[in-house]
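Please have the sequence and the structure in view. I will go through a few places one after another.

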Amino acid sequence: MEETNYQPPTAIDADADARLQAVVNTSLDGMIIVDDDGRVCVVNATAEVLLRRKASNLLGQPFGLPFMVGEVAEISLLQANGALIAAEMRAASITWMGAPAQLIVLRDLTEQHRIQETLRDAEGFSRAILNSLSHHIAVLDENGTIVMANDAWRQFAVENGDPQLLTTGVGANYFSICATSSSDESVEVPTVLDGMRRVLHGDLPIFELEYPCNSPDTERWFHMRAVPLYGQRRGLVISHTDITEQRRHAWAIAEAETLREQLQARERELLAVSAISSAQRARSIARPQRADSSLRTDNPDTFQICINRYSDILEKAVDARGFALVPDVDLPTRTLATYLGQQHAAARDVVEMHLASLRSRSFGASLERQQAYLEEGRVLALQLMGYLVAYYRDEVTL
Amino acid sequence: MSTIVLQLFIAGRTPRTERAIATLQQLITDRLGDYPCELVIIDVITDPQQAEERQIFATPTLIKESPLPQRRIIGDLADTEGLLTALNLPPVSMS
């Protein structure tokens, strides 16, 4: 530690100077005392380290006078090796050696900046992850204000009437958005608000709800999920996932199950008719019911003809539905049943033909069209099975 | 009438340095418009030689080269009124 006595101290100041010198010497912050011209009078060891310069090279040199708007200024210190480090500067007007001077306090911000940079990186990483998800995700503070929303959330808002994100973007209150909702899901609003508040207050670990959210031209279903925001800040993470496809799929499976049960009932009826027939006739009307026997395996060409005829009827039925007409498919269905009867077809053959036809028709069709094939196909298959049963029964009674 | 020469030492273009430059340019236009004025901006990153020759220890540093007495200040250069006082500008003999 060195000192330039460019102005001799007075006896009155000597005591105060000694105390100040002791403080400067022991401070962990960098401290420099500059005179009224900004020249270095005193520099402590920490300041030497910060500037990578020896006190002997600093004393008497023009460091400059501190100029601050507030209490603290952020500056860069230029080290002897040319490197720059960020530092916080504070200053106080003092008297040193009986003359006006400035005490400059310097604190290294390198570590603080590194931490901030790391936090920014971490935040950027989290944001990148959230933006890579297709779920619509928003983070709410404890008052329900949206503090962050991912790209999918913003995109959905833009596409659904809030292009400027004024009512559903960051800064908007999600509780208020829900409370003023006037669409189909408004009946769910009290449940949603209650669920979110209970999760926020720790009464529920999670709140989930499936709700309809139809657009003007499409039926849509969403799954909402609210989980608490873990960490120092209380809040909620809200996600909405479009589950329309899953719903449609589940509905199609249920439809298929219903159809299967109804076809099984028809099959039992058909078997009963066959049994009666066997008792009355020498030959069986329906084909032998071996496990590996079917029209598809025994006579693929005929099976393909049946599929084509069935598909044509199905196509007509779906087209008629599109024009809100009653489909005129009764006669071709009855004719196909007769043809199937002549081939000694069984219920299993009808089911296989039906499924093969659905597969070929649905390939590449729109979701609405696929839905129509499913619904019309169910009716058609049952109708066809009914005619086939009637065909065999008539045969029996002949 | 001697020219007012100001030298501003900065370390790269950051929002802080941009703000300091804007304040100085505004100060020159609004408050020193009646005086011949020169503002020299030196980036210590691209011109370390100048920084060494002028014994620059921190940025931003603003030096009033002339008129004498020379004045050197460091810190937030964001207050035009305060800067005028700190730099003793406009010079009494010139006003």
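Leu133(A) counts as partly exposed because its relative accessibility is 34%; buried means under 20% relative accessible area, exposed over 50%, and partly exposed in between, with a 1.4 Å probe and protein chains only. Leu133(A) sits in the loop between helix H4 (110-132) and strand S7 (136-141) of chain A. Helices (H or I, at least four residues) and strands (E, at least two) are DSSP runs, numbered from the N terminus.

This is a predicted model, in which local features need pLDDT of at least 70 and side-chain atom pairs count only at pLDDT 80 or more, while totals for chains, interfaces and linings use all residues. Residues are numbered from 1 along each chain as its sequence is written, chains are lettered from A and ligands numbered from 1 in the order in which they are written, and side-chain values use heavy atoms, with hydrogens and water left out.

Next, the sheet. Five strands form an open, mixed sheet in the order S3(A)-S5(B)-S4(B)-S1(B)-S2(B); two strands pair if DSSP finds at least two bridges between them. Strand S3 (65-67) of chain A and strand S2 (37-43) of chain B are at the edges with a single partner strand each, so one side of each has no neighbour in the sheet. Strand S1 (residues 4-10) of chain B pairs with S2(B) in the parallel sense over 7 bridges. Within S2(B), Glu38(B) is the bridge partner of Val5(B).

Last, Val379(A), which lies in helix H13 (residues 367-397) of chain A. Val379(A) is partly exposed because its relative accessibility is 47%. Ala317(A) is 62 residues from Val379(A) in sequence, and the C-alpha to C-alpha distance is 9.8 Å.
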